[in-house]
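Please open the structure in your viewer and keep the selection panel at hand.

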Amino acid sequence: MSMRATLRTSVVLSHIRVGEEERGGVRGNGCTGVCTRTSGSGASVSCGCPYVDSVRRRESENGRSLGRKEAVRVLVTGAAGQIAYSLLPMIASGKMFGPHQKVILHLLDIEPAKNVLEGVVLELEDCAFPLLEGVVPTTDVKTAFTDIDFALLIGSFPRKEGMERKELLNRNIQIFRSQGIALNTYSSPNVKVLVVGNPANTNCWVAKQFAPRIPKSNFSALTRLDANRAKGIISKKLNIDVKSVRNVIIWGNHSSTQYPDIRYAFIDANHTSSDAKLRDRIHINVRSQINDDAWVKSNFVPAVQQRGAKVISLRKLSSAASAANAIVDHMHDWVLGTEREGEMVSMGVWSDGAYGVAEGLIFSFPVLCDRTEKGLREGGGFRIVRDLEMDEESRRMMKATEKELMEERAMATEILKAAESEGQKK
């Protein structure tokens, strides 16, 4: 047993109710207020006090016993960057995996960022997070990827002014090729991978090509940021609590061709009304409440598609805090399940041909993430929602984003083949 667990056990077993002793009484549950006795080996054991036993039982049921949950290892690449700076405290404080799950952070960045990375580690130490069991800062790929349970691949080559899409792909393909190889070589075969670095969908596809040991269902790309943006715009438009907006869908690529779909979105009245009669999970259709299809088509959809560019134009930097928050939302729901059973969320996942989308693309679909009683390593999963009707406009927009993804995949394949041919010549 760890020193921390021993200390907590001694506190529980040695609780002294001074006020009750001063009254000379025995507690109503039969406890004298002094509940420590020792076994023959000298270890503290329970005296059978109902108070202590009830505390232990509640802690066991809630998973709060210290030392009960083994720490999971979480890799964050681009760990000295802006997104990671916002993300790491969220992971270490329990927002991603729950308030009782310990973590060990593997932090990877390039050599020029080494000093910044060391500063990030100092700040994590200064936060004194109880759930942060360890930090492994490194510029070495093998060290970073060895035995990890979760990989958050944030680091990528940023698009610069005047850079063509193929050039951007070429730079990032080399990064995600090497990371796919590292995942396949050093990581747990059950590792769950979330790709954030853009172009996220195609970078995710590249990484999977070089990690055959890891199931396709363990790879995903981040489109939760787009879904959160859509929910925020809707809540502002209708002047309602953003938490009440559910089932917003993002189809396709994390790019300006994505299709933000509110046809199945609803307002959960349980989060909007103080009237007890209305707080019975009443679902109000978002589109009917907006009642303005022209606004949806001309304002809402472009606003979501261009939100990232808008942030850059104003901050002169890309989204960071909102991206970190979306990463937490994505991983939490994927691993632990959504807050509401049957709630649809959006994830970029391997297409199996659902809705006529080309197989093998990393395409954002509406998915269900069920709650699980399994541990973090074994639990978690998603199911693509397959029975949604598609109108003509929806099919048109889905085809547009699918076309872009197919073009990106074709360019990536061409670049990989050229690199392989060049390697053979050498």
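The tour passes from the nonpolar cores to a helix and then to a sheet.

This is a predicted model, in which local features need pLDDT of at least 70 and side-chain atom pairs count only at pLDDT 80 or more, while totals for chains, interfaces and linings use all residues. Residues are numbered from 1 along each chain as its sequence is written, and side-chain values use heavy atoms, leaving out hydrogens and water.

Select V76, L87, L152, F300 and I327 to begin. These residues have the most contacts inside the largest nonpolar core, which has 80 residues. A nonpolar core is a set of buried Ala, Val, Leu, Ile, Met, Phe, Trp, Tyr and Cys residues joined through side-chain atoms within 4.5 Å; buried means under 20% relative accessible area, with a 1.4 Å probe and protein chains only. Helix α13 (residues 321–336) gives the most to this core, with eight residues; helices are DSSP runs of H or I, at least four residues, and strands are runs of E, at least two, numbered from the N terminus.

Apart from this core lies another, of 30 residues, including C204 and A412.

Next, select helix α8 (residues 200–209). Nine of its ten residues are buried, so the helix is largely enclosed by the rest of the structure. Among the buried residues are C204 and W205.

Finally, display the open sheet of three antiparallel strands, in the order β9-β12-β13. Strands β9 (245–246) and β13 (283–285) stand at the edges with a single partner each, so one side of each has no neighbour in the sheet. Two strands pair if DSSP finds at least two bridges between them; two bridges join β9 to β12 (residues 266–268), and V245 has I267 as its bridge partner.

Note on methods
Buried < 20%, exposed > 50% of the residue type's maximum accessible area, 1.4 Å probe, protein only.
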